[in-house]
Amino acid sequence: MTIEDLSRDVAKGFGNIDERFVRVDEQFVRIDERFVRIDERFDRMDERFDRMDERFARMEERFDRRLREEHETMRRHFDVMVERIEAAVRLVAEGHHHLRTVLDDHEVRLQAIEKHE
C-alpha cells in the first residue's frame, strides 16, 4: 500500500464521515422543526388554559355572588319563620293563660257552691 493509496482511503473515510454528519445535521434540522411545532402547540394550549382560568374565575365570582344572595334570602326567610313561630307560641301562651283564668274562676265557683250545700 502506498501513501497515495492510504491518502485516498483516508480521504474516502473522511468523505463517508462528512456524509454521515450531513445526514445527522439534516436529522437535527427536522428535530428542531418538530420542536418548533411542539412549542407552537404548547403555546396554543397555554392560551386555552388561560381562557379556561378566566372562565373559572368568572364562574367562581358568579357562584360566590349567588351564594351570598341565597344566604341573605334564607336569612330573611328564617327571620320571618321565627317571627311566625314566636307569634304562634304567644297565642298558645295567651290561650293557656285565658283557660287557666277560666278554670280558676270555675274552681272558685265550685268551692263556693260546695260551701253552701
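Guide: A salt bridge is a side-chain nitrogen of Lys or Arg within 4 Å of a carboxyl oxygen of Asp or Glu. Please keep in mind that this is a predicted model.

Visitor: Thanks! What makes Asp 104 and Arg 100 a salt bridge?

Guide: Their closest N and O atoms are 3.4 Å apart, and the cut-off is within 4 Å, so the pair counts as a salt bridge. Both residues lie in helix α1, four residues apart, about one turn of the helix.

Visitor: Why is Asp 104 called partly exposed?

Guide: Its relative accessibility is 35%. Buried means under 20% and exposed means over 50%, with partly exposed in between, so Asp 104 counts as partly exposed. Arg 100, at 45%, is also partly exposed.

Visitor: How many salt bridges does the structure hold?

Guide: There are three. One of them joins Glu 70 and Arg 66, at 3.5 Å from N to O. Another joins Asp 79 to Arg 75, with the closest N and O atoms 3.6 Å apart.

Visitor: Where is Arg 55, and which residues gather with Arg 55 in a patch of positive charge?

Guide: Arg 55 sits in helix α1, which covers residues 3–116. On the surface, Arg 55 gathers with Arg 58, Arg 62, Arg 65 and Arg 68. Arg 55 has a relative accessible area of 51%; exposed means over 50%, so Arg 55 is exposed.

Technical notes: Residues are numbered from 1 along each chain as its sequence is written. This is a predicted model: local features need pLDDT of at least 70, side-chain atom pairs count only at pLDDT 80 or more; totals for chains, interfaces and linings use all residues. Side-chain values use heavy atoms; hydrogens and water are left out. Patches are made of residues with over 30% relative accessible area and no salt bridge: like charges are joined within 9 Å, nonpolar side chains (Val, Leu, Ile, Met, Phe, Trp, Tyr) within 5 Å. Accessible areas come from the Shrake-Rupley method with a 1.4 Å probe; for residues, only the protein chains shown count as cover. Lys and Arg count as positive and Asp and Glu as negative; His and the chain ends are not counted. The place of a charge is taken as NZ of Lys, CZ of Arg, CG of Asp or CD of Glu. Helices (H or I, at least four residues) and strands (E, at least two) are DSSP runs, numbered from the N terminus. Buried means under 20% relative accessible area, exposed over 50%, partly exposed in between (1.4 Å probe, protein chains only).
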